[in-house]
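Q: I am new to this structure. Please take a close look at one part of its surface, then show me how the rest is built.

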Amino acid sequence: MILAGIPPTARRLMAARAARSIGQGALVVDFALYLHALHWTALAIGAVYSASLLLGALATLLVGPASDHLGAKGFLLGYEGLQLACAGIALFSANPWWLGAAAIAGAFGRGANGGAGPFAPAEQSWLSRSMDEGLWGRLFNLNTAIGLFGMGLGAVLAGLPDLLSPWLPGALAYRPLFAVVLLGSLLCLGFLWSAKEGTPPEGTDRSPAAAPTTPTPWRNLFTLAGINALNGLGIGMIGPLMAYWFALRFGVGPAAIGGTMAVAFVAAGIMSLAGGRLTLRFGLVGTVLRLRILGLALLLIIPFAPFFWLAMVFYILRAALNQGSIGSRQALFLSLVDNRRRGLAATFNSISIQIPRAIGPVVAGTFFHLEMLTAPFLLAAGFQGAYLWFYGRFFRGKGIGQAPGAD
């Protein structure tokens with residue numbers, strides 16, 4: 001059984017992730033299309049996404065370290081309460097100011113594979129404390145896969161506006177999707193409330209007397225954060241507005257885009273599960289590099305595809321390769337610190353991607369406004385190519401995450 005050996009706390013956290021991911025999957029397809037249907041400009045759409053990413057990064061600065069001292073549960077419950085409020089506003093109002101504020105605070109359309117947005121460091125820290133470090137490769141890859149499968153289901157639901165258009169004309173057909181987000185947050189609250197934030201796994205005592213005397217490896221954290229920034233810049237150029245690009249490039253609607261992204265998320269989930277096995281052969285670093293290099297090649301091909309179905313195939317393959325390595329990357333970053341500082345490490349990992357990523361949607365929106373639909377892909381490929389080179393060099397120098405028996 002796939003969940004065999006996973007403790008109850010981790011199972012509840014994964015269940016919350018699954019519930020949260022469905023709404024995220026629906027909005028990652030449809031939110032930009034909803035704003036387009038409300039006659040928002042490409043620049044305005046990109047600005048909302050960028051503001052949301054920047055706010056999330058600032059919130060992450062506070063949450064991650066605080067979760068090491070105050071615990072993660074309260075932060076995650078508060079996050080779901082905020083999601084409930086934002087989804088309620090978007091469900092009942094299309095006022096630009098109210099909708100914009102709700103989108104920025106609620107991170108609508110960004111997609112996080114079921115993660116808790118700026119509160120993800122607290123979530124990752126809590127999850128890491130539920131199992132021994134030697135099992136993190138399996139744990140984080142499974143957690144990522146569950147979120148991706150949920151995103152796939154949400155992407156299928158993103159086709160609802162096309163089905164509802166005879167009864168709810170225009171932009172109104174998108175409104176029911178926010179009810180999906182609201183329901184998911186209610187389920188999350190139930191799962192999180194029942195999860196216990198107890199003591200760390202055996203052998204990882206967090207008491208002051210048992211605290212390690214080694215200093216926090218600031219140099220490693222800052223170095224890898226700088227490398228991650230290159231990845232964040234590349235992700236921001238493409239990821240948040242990919243559905244919008246499909247609509248502009250090929251003139252397709254929510255049902256076609258949602259179906260494409262659903263297959264992509266499911267393929268990525270399967271690859272994430274396979275990633276847990278690949279790490280046994282190639283190590284965490286080798287798995288990340290192999291998957292991401294193949295994904296980089298596909299990123300360069302997508303904008304030149306002449307037909308929607310061909311671009312769809314390339315996109316699905318790239319999503320499977322790139323997102324299938326997320327769990328391995330999370331485990332690698334957390335391995336840089338001891339048990340007491342995992343929230344801090346998760347914070348560095350998150351903000352080092354989020355802050356640069358916040359720049360991308362505005363830049364991409366500007367290119368889209370100028371009808372330059374290929375340029376963001378080329379820029380993103382340059383940033384991600386540099387990221388992979390430095391990433392491999394960093395971990396090879398540290399001897400972390402190598403394959404068993406590797407030098």
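A: Helices here are DSSP runs of H or I with at least four residues, strands are runs of E with at least two, and both are numbered from the N terminus. Leu 54 sits in helix 2. The model is predicted, so local features need pLDDT of at least 70 and side-chain atom pairs need pLDDT 80 or more, while totals for chains, interfaces and linings use all residues. Residues are numbered from 1 along each chain as its sequence is written, and side-chain values use heavy atoms, without hydrogens and water.

Start with Leu 54. Its relative accessible area is 41%.

Leu 54 belongs to a nonpolar surface patch of about 460 Å², together with Leu 58, Leu 61, Leu 62 and Ile 355. Patch residues have over 30% relative accessible area and no salt bridge; nonpolar side chains (Val, Leu, Ile, Met, Phe, Trp, Tyr) are joined within 5 Å, like charges within 9 Å. A salt bridge puts a side-chain nitrogen of Lys or Arg within 4 Å of a carboxyl oxygen of Asp or Glu. Areas follow the Shrake-Rupley method with a 1.4 Å probe; for residues, only the protein chains shown count as cover. Helix 2 (residues 42-70) gives the most to this patch, with four residues. An α-helix has 3.6 residues a turn, so residues three or four places apart point the same way.

Now step back. The protein has 16 helices and zero strands. Of the 407 residues, 58% are buried.

Next, the inside. The largest nonpolar core has 107 residues. Such a core is a set of buried Ala, Val, Leu, Ile, Met, Phe, Trp, Tyr and Cys residues joined through side-chain atoms within 4.5 Å. Among those with the most contacts inside it are Met 242, Trp 245, Phe 246 and Tyr 391. A contact means heavy atoms within 4.5 Å. Beyond its neighbours within four places in sequence, Tyr 391 touches residues including Leu 224, Val 288 and Arg 329.

Helix 10 (residues 242-250) is largely enclosed by the rest of the structure, because seven of its nine residues are buried. Met 242, Trp 245 and Phe 246 are among them. Gly 251 follows helix 10, with a positive phi near 70°.

Conventions: Buried < 20%, exposed > 50% of the residue type's maximum accessible area, 1.4 Å probe, protein only.
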